[in-house]
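Biologist: Before we go through this protein, could you take me through its features one at a time, giving the general idea and then the case at hand?

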Amino acid sequence: MKDVEPLNIDRVKSAYTDRWKKGTPGRALVKQSDEKPGQYAVRRDGSNEWHECLIVSHNERLWGTCDCIGHTNHEGACSHLIAVYRLETLRGNGFVPVQPHGITVEVRSKTQETADQIELTGQEGEEA
Ligand SMILES: [Zn+2]
């Protein structure tokens, strides 16, 4: 899975309208993990593949990743992450903050440090 990184939701909304529409609430099944805050399983209509998404908030930004190819290759966020974002926003829900933890990571950059923290709290994901 791609490293957790800041999600550019607005960029998808303005520049990749097809992807934005694929994430329309009602066009995907979104299951929230009970055990792992911020983790979701998402299946778009017309697909039989579930994808594992993680979205958390940190420093007033959304961070996340998805295990699909699209998220690795496309700018902004994939349609699965957009589906989670749009559904939770429609419901008026916020996104969970990064959980603090006691593990020290090598500091390469501020961005990488945050990505490591998110990764550590979001790993061990099982397919729903
Ligand atoms: Zn995806």
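Modeller: Let us begin with a strand pair: β4 and β5 run antiparallel and are joined by six bridges, where two strands pair if DSSP finds at least two bridges between them. Strands (E, at least two residues) and helices (H or I, at least four) are DSSP runs numbered from the N terminus. This is a predicted model, in which local features need pLDDT of at least 70 and side-chain atom pairs count only at pLDDT 80 or more, while totals for chains, interfaces and linings use all residues. Residues are numbered from 1 along each chain as its sequence is written.

Biologist: In the hairpin of β4 and β5, how many residues lie between the strands, and which residue takes a positive phi?

Modeller: Two residues lie between these strands, and Asn-59 takes the positive phi, near 50°. At the pairing itself, His-58 has Arg-61 in β5 as its bridge partner. Strand β5 is also joined to β1 (residues 5-6) by two bridges, again as an antiparallel pair, with Pro-6 standing opposite Trp-63 in β5.

Biologist: What joins strand β2 to β3?

Modeller: Five bridges join β2 (residues 28-32) to β3, and the two run antiparallel; Leu-29 has Arg-43 in β3 as its bridge partner. The hairpin of β2 and β3 has six residues between the strands, and Gly-38 takes a positive phi near 90° there.

Biologist: In what order do the elements of the protein run from the N terminus on?

Modeller: The order is β-α-α-β-β-β-β-α-α-α, and the secondary structure comes to five helices and five strands.

Biologist: How should I read the span of helix α4?

Modeller: The expected span of a helix is 1.5 Å times one less than its number of residues. For the twelve residues of α4 (residues 79-90) this gives 16 Å, and the end C-alpha atoms are 16 Å apart, which agrees. Just after α4, Gly-92 takes a positive phi of about 80°.

Biologist: Why is α4 described as largely enclosed by the rest of the structure?

Modeller: A residue is buried if 20 or more other C-beta atoms lie within 10 Å of its own, exposed if 12 or fewer, and partly exposed in between, with C-beta atoms placed from the backbone. Nine of the twelve residues of α4 are buried, so the helix is largely enclosed by the rest of the structure; among them are His-80, Leu-81, Val-84 and Arg-86. Across the protein, buried residues make up 34% of the 128 residues.

Biologist: Which residues have the most contacts inside the largest nonpolar core?

Modeller: A nonpolar core is a set of buried Ala, Val, Leu, Ile, Met, Phe, Trp, Tyr and Cys residues joined through C-beta atoms within 7 Å. The largest one has 24 residues, and those with the most contacts inside it are Cys-53, Ile-55, Ala-77, Leu-81 and Val-84. Helix α4 gives the most to this core, with six residues. Two residues are in contact if their C-beta atoms, placed from the backbone, lie within 7 Å, and, not counting residues up to four places away in sequence, Val-84 touches Val-30, Tyr-40, Val-42, Cys-53 and Ile-55.

Biologist: Is Cys-66 buried or exposed?

Modeller: Cys-66, placed in strand β5, counts as buried because it has 26 C-beta neighbours inside 10 Å. Leaving aside neighbours within four places in sequence, its contacts include His-51, Cys-53, His-71 and Leu-81.
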